[in-house]
Amino acid sequence: MSGLLRLSARGAVLALAPGLGGAIARLDLNGKAVLRPWSGDMATGPFALSSNILVPFSNRISGGGFTWTSARYDIAPNMASQPFPIHGDGFQKSWDVISKTDETAILVLAKGHIGPFEYRAEQAFSLTPTGLRIELTLTNKGDVALPFGFGFHPWFPRDLDTRLAFTARGVWMEDKNHLPTRHLSLSDNPEWDFTTPRKLPGYGLNNAWTGWSGTARLEQGPAFVSVDISASKALSSNINATNHCSRISANWQKTVHSRSFSLITSVSAMVLVSCIRLQVLVKKIILPVKPTKYRKFVRLTLIAALALKFLIMPD
């Protein structure tokens with residue numbers, strides 16, 4: 001596992017993989033896993049890491065691209081196994097280490113570029129004995145205003161003791177290509193309600209919950225570390241859950257629908273047999289401003305943060 005960057009704070013240990021999409025390779029507390037640890041096998045692909053970063057968009061863009069303000073923007077698939085471009089290109093690029101201390105690190109992707117998106121992204125990690133905070137900053141470096149998105153995509157270990165709890169108001173169904181189909185209210189469909197801690201089902205689950213409160217709790221048995229999950233306001237609109245390797249994902253996105261472009265504001269969770277993925281996503285619009293003598297375009301910056309609070313104290 002050469003090339004990993006190690007942070008530590010008493011019993012908490014964080015391993016980062018700057019060369020592998022700026023990902024997290026491991027997060028432990030007192031020798032117990034908080035996130036599903038990466039095996040170190042490069043052949044397992046990027047989503048075998050402990051957490052991925054998603055920029056400059058999250059989830060899938062169907063139709064070969066999208067139309068925005070009457071202009072057509074094409075985006076080719078970025079993974080051989082996927083029919084649509086997925087999760088941007090940040091998780092596929094090498095990030096630079098700008099600074100590091102025992103408990104903090106800053107990683108930067110200076111020249112991200114996929115389809116029409118040109119951007120700079122920065123991740124700031126802060127590890128303490130009681131938790132981890134990640135702050136993600138995204139700046140549009142192109143010459144046109146575009147609907148950007150970004151997010152966090154951690155994977156948590158799962159066993160028979162794992163329970164998940166979060167508050168939301170609705171949930172999206174999906175089709176076979178993992179694209180949204182219809183929206184259900186939780187008040188009318190309580191089987192989708194996770195307000196009270198629940199076991200995750202044994203069958204495949206990959207849905208997005210809307211109206212998320214911005215917090216979630218993952219309760220673990222003795223094998224793993226339980227966590228409280230909180231997202232900054234920009235991320236606290238929705239959450240996404242999947243059921244194959246427990247994955248929980250939180251997404252914030254302005255919903256944009258057209259014949260060729262559909263992104264949803266939601267929290268999503270993917271549940272797998274051995275782990276859970278948590279994904280926190282944000283999408284906002286980078287707007288140009290009136291040209292001035294000194295600048296013709298202001299590249300607005302988006303900032304969002306994800307925090308994990310350990311529910312057991314370090315030794």
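1. Confidence. The chain has an average pLDDT of 80, and 76% of its residues score at least 70; pLDDT is the predictor's confidence in each residue, from 0 to 100. Over residues 243–273 the pLDDT is below 50, and this stretch has 205 contacts in the model beyond near neighbours in sequence, where contact means heavy atoms within 4.5 Å. Residues 282–299 also have pLDDT under 50, with 52 contacts beyond four places in sequence.

2. Basis of the note. This is a predicted model, in which local features need pLDDT of at least 70 and side-chain atom pairs count only at pLDDT 80 or more, while totals for chains, interfaces and linings use all residues. Residues are numbered from 1 along each chain as its sequence is written, and side-chain values use heavy atoms, with hydrogens and water left out.

3. Overall make-up. The chain contains 24 strands and 0 helices; these are DSSP runs numbered from the N terminus, helices being H or I of at least four residues and strands E of at least two. Of the contacts with a separation of 6 or more, 68% join residues 24 or more positions apart.

4. Burial. Of the 315 residues, 57% count as buried. Buried means under 20% relative accessible area, exposed over 50%, and partly exposed in between (1.4 Å probe, protein chains only).

5. Nonpolar cores. In soluble globular proteins, nonpolar side chains tend to be buried together. A nonpolar core is a set of buried Ala, Val, Leu, Ile, Met, Phe, Trp, Tyr and Cys residues joined through side-chain atoms within 4.5 Å. The largest one here has 61 residues, and Leu14, Leu27, Phe117 and Trp209 have the most contacts inside it. Strand 10 (residues 117–128) gives the most to this core, with 5 residues. A second, separate core of 6 residues includes Ala15, Ala23, Ala25 and Ala48.

6. Phe117 and Pro56. Leaving aside residues up to four places away in sequence, Phe117 touches several residues, including Pro56, Phe57, Phe66 and Leu146. Pro56 lies in the loop between strand 5 (51–54) and strand 6 (65–68), and a cis peptide bond, with omega about 0 degrees, joins Val55 to Pro56.

7. Two histidines with positive phi. His87, although not a glycine, has a positive phi of about 65 degrees. His87 is placed in the loop between strand 7 (71–74) and strand 8 (96–100), and counts as buried because its relative accessibility is 2%. For His178, phi is likewise positive, near 65 degrees. His178 sits in the loop between strand 14 (170–174) and strand 15 (180–185) and is partly exposed, with a relative accessible area of 36%.
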